[in-house]
Amino acid sequence: MLVLSVSISFVAHSIGQQATRKCFTVVDETREPLIGANAYVKGTGHGASADFDGIICITAEPHDELIITFIGYQSITVPFSSITDGGSVIFMTSMTPDSL
């Protein structure tokens, strides 16, 4: 009985937050995929890395912000709500020598 109560509570909590999973591609200025680019949900420890095609799949809530990082590139912050699952491409900009 106790296990059933915990399961129902967890499901109700997840539905209330409306967390969804979205996938997007991270590329450089020449549209080459950035293998190993990282994305994490701002203010949490939740994150994911890009695969061989530069694709990152991550679960977050609509009001969350994602921070996208890659060595040698300026990190960017993107509202999770602005990402279209499977259709968004995030462009990373190389750092200039002055900004290193």
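**The disulfide**

The link of Cys23 and Cys57 is right-handed, with 110 degrees about the S-S bond. The model is predicted. A search of the whole structure finds one disulfide.

- The sulfur atoms of Cys23 and Cys57 are 1.9 Å apart, and the two residues form a disulfide.
- Cys23 belongs to strand β1 and Cys57 to strand β4, so the pair ties together parts that are 34 residues apart in sequence.
- A disulfide is a covalent bond between the sulfur atoms of two cysteines.
- Cys23 has a relative accessible area of 14% and is buried, because buried means under 20%.
- Cys57 has a relative accessibility of 26% and counts as partly exposed.

**The largest nonpolar core**

- The largest nonpolar core has 19 residues.
- The members that touch the most other members are Phe24, Val26, Ile56, Ile58, Leu66 and Ile68.
- Two or more residues each come from β1 (20-27), β2 (38-41), β4 (55-60) and β5 (65-69).
- Strand β4 gives the most to this core, with three residues.

**Around Ile56**

- Ile56 is one of the core members that touch the most others.
- Leaving aside neighbours within four places in sequence, the contacts of Ile56 include Lys22, Cys23, Phe24 and Val26.
- With those neighbours still left aside, Ile56 is also in contact with Ala37, Asn38, Ala39, Ala48, Ser49 and Ala50.

Notes. Residues numbered from 1 in each chain as written. Predicted model: local features only at pLDDT ≥ 70, side-chain atom pairs only at ≥ 80, totals over all residues. Heavy atoms only, no water. Core = buried A, V, L, I, M, F, W, Y, C linked by side-chain atoms within 4.5 Å. Buried < 20%, exposed > 50% of the residue type's maximum accessible area, 1.4 Å probe, protein only. Helix = DSSP H or I, 4+ residues; strand = E, 2+ residues; numbered from the N terminus. Contact = heavy atoms within 4.5 Å. Disulfide = S-S within 2.5 Å.
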